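Student: Please take me through one part of this model in detail. I would like the strand pairing first, then whatever else can be said with care.

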Amino acid sequence: MNFTKGEVIAINKPLEMTSFSALAFVRKRLCMRLGVKKLKVGHAGTLDPLATGVLVLCTGKFTKRIEEFQQHGKEYTATLQLGATTPSYDMEHPVNETYPTDGITRERIEQVLERFKGDIEQVPPTFSACKVSGQRAYDLRRKGKDVELQPKKIRIDDIELTSFDPERMQMSIRVACGKGTYIRALARDIGRALDSGAYLTQLCRTRSGEYRIEDCLELKQFEEWLANQTIETTEDE
């Protein structure tokens, strides 16, 4: 493998680790293995700290292809808690509102999910990396400031209900979507469409382009994997 010339490494990002921390972990060990102080490494699509799954890393000259990889379709599995919301639409923050769940059935959920297929508009979460006047929206929110984000066009290629527990009011979905889709915001909008509320309790990116979770490296296994690779250092094209 030639990490300077460029390689793609797909890892399964652990729960409660930022995408940047996962990238830094890999970059540090690559630099140690190569005996260099610096190596370009970038990722093709951020995962929230409370999400797990496919994180595509590009090294060396392949960092120029990050935008290309970001355009690829993605798939997620998610579990939603119905009847409540949080400010971030996931479990990073405590519940701030509760709502009735009367009339929510499997049949109604399946009908509602059909509304989200195709090209739709979505307002990103205010606890996100979207920029407002040059500042990250989540930084402004954490300072107690109000943030208003504009809707963005996204595409949901497929969405299906995979389970529903009427006693706990929890549902799980599989989503295939295009670039820029926030599954947290999708959970928010599903809750509203059900005349209730919803937030994510679990989220996993199961595919990013051609890279699937079953083919990803576990981060705890990365050092062992790296030790077993044959390394080339030439930069020739």
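Tutor: Start with a facing pair: E121 stands opposite K153 in strand 10. This is a predicted model, where local features need pLDDT of at least 70, side-chain atom pairs count only at pLDDT 80 or more, and totals for chains, interfaces and linings use all residues. Residues are numbered from 1 along each chain as its sequence is written, and side-chain values use heavy atoms, with hydrogens and water left out.

Strand 7 (residues 118-122) pairs with strand 10 (residues 152-165) in the antiparallel sense, over five bridges. Pairing here requires at least two bridges found by DSSP between two strands. Helices (H or I, at least four residues) and strands (E, at least two) are DSSP runs, numbered from the N terminus.

Strand 10 also pairs with strand 11 (residues 170-177), again antiparallel, over eight bridges. In that pairing S163 stands opposite S172. The hairpin of strand 10 and strand 11 has four residues between the strands. There M169 takes a positive phi near 55°.

Now the helix. R29 lies in helix 1 (residues 19-34). Its side chain reaches the backbone oxygen of F25 at 3.1 Å. R29 also touches F222, E223 and L226, leaving aside residues up to four places away in sequence. Contact means heavy atoms within 4.5 Å.

C31 counts as buried because its relative accessibility is 10%. C58 is buried too, at 0%. Buried means under 20% relative accessible area, exposed over 50%, partly exposed in between (1.4 Å probe, protein chains only). The disulfide count is zero, a disulfide being a pair of cysteine sulfur atoms within 2.5 Å.

Definitions and conventions:
Polar contact = N/O pair within 3.5 Å; in protein donor to acceptor, adjacent residues only side chain to side chain.
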